[in-house]
Amino acid sequence: MKAYISELISHAVHTISPSEAEDVLGSGNFDVSYPKTGFGDYASNAAMVLFKKFNVVPAASPVEFAKLLAEQISLQDDGDTFSTIEAQNGFINFTLSSKVLLNILSKISEAKENYGKVDLGQGQKILVEYFQPNIAKPLHLGHLRTAIIGDSLFKILNFSNYQTESDTHLGDWGTQFGLLMLAYKKWGDVETVKQDPITELNKLYVRINNEIEADPELREQGKAEFVKLEQGDSENQALWKQFKEWSWQEFGIIYDELGVRKADNDWPESFYMDKMPAVIDELKQKKLLVESQGAQIVNLEEYGLGVAVVVKSDGGTTYLLRDLATYIFRKQQGFEKQIYVVDNRQFHALAQTFKILELLGVLTSPTEAVHVAYGVLSLPEGQMSTRKGTMVGAKDLIQRAQEKALEIINEKNPELQNKDDVSKQVMRAALKYFDLSHNYKSDIVFTWDKALSFEGNTGPYLQYTHARINGILRKAEGITNEQINENSKLEDIEQLLLRKLQKFPEIITQTAETFSPNIISNYLFELSQIFNSFYEAVPILKETDSAKQNTRIQIITGTAQVLRNGLNLLGIEAPEEM
């Protein structure tokens, strides 16, 4: 609709001033936006932006030019799309006609699960990297953010006609594994570790970091263990493989319990071991790599990014080198855009990576590599730390959330047949929506009460609204759905609900353009609020006028479909009964 309004404005300018139209439209970027309540469905500042671009002004002022534009646009539209097009204080406001609003129901009915799809991507092949756990460490709340945000973005971009694939980029390489191996060799007991591998390995990792504070030499010994791993030491290779096997058993909870889709590709950091020498050679050929105090670095001082260490003085490789090899390999696989769902503490590291790729001539446009830098998830007492042992486990969170969900379902609907399945769906909704309803850039302080609330702006509230609609529709079975008279008179609340449904495809576009699932979250919450107001304001099953009843049934059917579509893009299921 916004594109159509822009076209109308363009045609009107050409009609009013044929000689200057191209230059004026080319030099002024006007907006088409959603105005405040009472000012139509759409508004544009075109008159105020374009007026000052004319050499020969077509009106006495921007306010008068807005009136002239509104008159010309009204002649072009002829009431087909908008019931009113009027100028107010220099803005042009557009109000959708009842005919257009009612036609939305036909579009939803025909498209069903595809309603809202847009062609933003035009088939472009892109990769979304998310959920990057480190081997031998338990999953905590911080891992949930990347998994939840990334999984939702994958779905949204796919819905926007991008050819989308995903990659976990498992953290299975680096000095921390040398430290863990040192700790395992010093204090690890094989039988004890086998009983609960990740918990026990994490204890060893915490212990080695605590010991390092008293004996810094242990860090150097850990670095040496990692160098041995890189050089193919058989003992360290065997330990590393065992740690990975144990770790994947732990990571399965994200897929199985939280309902995050498994990645299309599994290219961990170690996958790039044989690809790093070629990157070093290319850096040398471009005269970007220099030696500094025994290390090999790229000096990015002139770009305000400091010094980027590629190979450490002890010969160990860095995350940076692996990240360079990662991007280059994935681009060679045909990915035109790579999206990194990584927390904002990695902003500097990724900025260095992208700048070096640019200097190498591999990254030719800033839009080819995007860092979705999400905020930190912390506890009320402060940030979580693996080294300090102050992590909240993902397993504990998920189990507790499902228990809470089941408790509430038993209270609200003790006769529900599939309570275990629904409680899992509600748990997923509570956790995912808690995250996705925030702007991803925001830091989030996690509290149990807020995350597991089942009232207000929450995932379970949206699920309950969907279930409520389906309960009405079950009772309405047998009522014939007739074709709606497009000239039907609509109540204000009916128009409000239809206007919200009409905006769904535009919401998808906004979300995909900004990588911000909270836009969909906010939309679905507002849609649910409007529906519940609608339900309280007008009768549906008790409506005696069959034409009105038919219209209302089709309105709520369309509302349920849009709720399902939107929740699916957030990775949330929409149960029909709760």
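Thr 326 touches His 169 and Tyr 272, leaving aside residues up to four places away in sequence; contact here means heavy atoms within 4.5 Å. This is a predicted model, in which local features need pLDDT of at least 70, side-chain atom pairs count only at pLDDT 80 or more, and totals for chains, interfaces and linings use all residues. Residues are numbered from 1 along each chain as its sequence is written, and side-chain values use heavy atoms, with hydrogens and water left out. Here is a short tour by topic.

- Thr 326 is found in helix H13 (residues 319–332); helices (H or I, at least four residues) and strands (E, at least two) are DSSP runs, numbered from the N terminus.
- Thr 326 counts as buried because its relative accessibility is 2%; buried means under 20% relative accessible area, exposed over 50%, and partly exposed in between (1.4 Å probe, protein chains only).
- His 169, one of the residues that Thr 326 touches, sits in the loop between strand S6 (163–167) and helix H7 (175–187).
- With 6% relative accessibility, His 169 counts as buried too.
- The backbone of His 169 is worth a look: phi is near 50 degrees, a positive value in a residue other than glycine.

**Another positive phi**

- Gln 293 is not a glycine, yet its phi is positive at about 55 degrees.
- You will find Gln 293 in the loop between strand S7 (289–292) and strand S8 (295–299).
- Gln 293 counts as exposed, at 80% relative accessibility.

**Helices H5 and H19**

- Helix H5 (residues 98–111) packs against helix H19 (residues 492–502) at an angle of about 50 degrees, with their axes 9 Å apart; axes are lines fitted to C-alpha atoms, for helices over the stretch in contact, and angles run from 0 to 180 degrees between N-to-C directions.
- That angle makes H5 oblique to H19, since angles under 35 degrees count as roughly parallel, over 145 as roughly antiparallel, 65 to 115 as roughly perpendicular and the rest as oblique.
- From H5, Leu 101, Leu 102, Ile 104, Leu 105 and Ile 108 meet Gln 495, Leu 498, Arg 499, Leu 501 and Gln 502 of H19.
- Sorted by class, this contact of H5 with H19 has seven nonpolar, two polar and one charged residues; Ala, Val, Leu, Ile, Met, Phe, Trp, Tyr, Cys and Pro count as nonpolar, Asp, Glu, Lys and Arg as charged, and the others, Gly among them, as polar.

**Salt bridges**

- The whole structure holds 26 salt bridges, each being a side-chain nitrogen of Lys or Arg within 4 Å of a carboxyl oxygen of Asp or Glu.
- Glu 200 and Lys 203 form a salt bridge, N to O at 3.4 Å, and they are separated by about one helical turn because they are three residues apart in helix H9 (residues 197–214).
- In that pair Glu 200 is buried at 17% relative accessibility, while Lys 203 is partly exposed with a relative accessible area of 48%.
- The side chains of Glu 368 and Lys 331 also meet in a salt bridge, at 3.2 Å from N to O.
- Glu 368 lies in the loop between helix H14 (347–360) and strand S11 (369–374) and Lys 331 in helix H13, so this pair ties together parts that are 37 residues apart in sequence.
- Glu 368 is buried, with 13% relative accessible area, whereas Lys 331 is partly exposed, with 28%.
- Arg 552 pairs with Glu 543 in a salt bridge whose closest N and O atoms are 2.6 Å apart, and both residues are buried.
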